[in-house]
Amino acid sequence: MVLLEGFEPPTTCLGNKHSIPLSYKSTVKKMTDYEKLSQLLVPFLQPNTYLILQGKLGVGKTTLVRFLAKNLGIAEKIISPTFNILQRYPLKNDYYLNHFDFFRLTAADTLDFFSELATDNLNIIE
């Protein structure tokens, strides 16, 4: 069963620093579901966008990022940032896809360094 049919994110809430949160829950049952979801999301992913992926360990968050990166034109192999917290991939027009995984961070950790890197870039956070 694919729960992606008919999903069209509203363009009025995406694309700038003042965007309102958009929440979408999807059940992915096969690889083609990741591809479909990534194709739906890519037109809305631009600088200063924050895409937050939530799910248990091993559910496919990084797999979705691989499809998103492919559809954004990134040829590099996408690896999980679990151990180094951040992977950066250059995109056109001098901005980056920042792939964050904050799994290992605690409440005592500061995110100041990461906020500087996130500005004017596309940010996907697991």
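These legends go with a handful of close-up views of one predicted model. Residues are numbered from 1 along each chain as its sequence is written, and side-chain values use heavy atoms, with hydrogens and water left out. Because the model is predicted, local features need pLDDT of at least 70 and side-chain atom pairs count only at pLDDT 80 or more, while totals for chains, interfaces and linings use all residues.

View 1. Helices here are DSSP runs of H or I with at least four residues, strands are E runs of at least two, and both are numbered from the N terminus. "Buried" means under 20% relative accessible area, "exposed" over 50% and "partly exposed" in between (1.4 Å probe, protein chains only). On α2 the buried set is K61, T62, T63, L64, V65, F67, L68 and A69, and these pack against α1, β1, β3 and β4. Just past the helix sits G73, with a positive phi of about 95°.

**View 2. Helix α1 from its buried side.** In α1 (residues 31-41), D33, Y34, E35, L37, S38 and L41 are buried. They pack against β1 (50-52) and α2.

**View 3. Two nonpolar cores.** A nonpolar core is a set of buried Ala, Val, Leu, Ile, Met, Phe, Trp, Tyr and Cys residues joined through side-chain atoms within 4.5 Å. The largest one has 21 residues, and L51, L68, I74, L91, L97, L122 and I124 have the most contacts inside it. At least two residues each come from α1, α2, β2 (86-91), β3 (95-100) and β4 (122-125), and α2 gives the most, with five. Zoom in on I74: leaving aside neighbours within four places in sequence, I74 is in contact (heavy atoms within 4.5 Å) with A69, Y89, P90, L91 and L97. A second, separate core has six residues, including F100, F114, L117 and I125.

View 4. Strands β2 and β3 run antiparallel and pair over six bridges; two strands count as paired if DSSP finds at least two bridges between them. Three residues lie between the two strands of the hairpin, and N93 in the turn has a positive phi of about 65°.

**View 5. Two loop residues with positive phi.** Most residues other than glycine have a negative phi. I85, not a glycine, has a positive phi of about 75°. I85 lies in the loop between α2 and β2 and counts as buried, at 13% relative accessibility. D120 has a positive phi too, near 65°, and belongs to the loop between α3 (112-118) and β4. At 43% relative accessibility, D120 counts as partly exposed.

**View 6. N123 in strand β4.** N123 is part of β4 and is buried, with a relative accessible area of 0%. Apart from neighbours within four places in sequence, N123 touches T49, Y50, L51, N98, F100 and A118.
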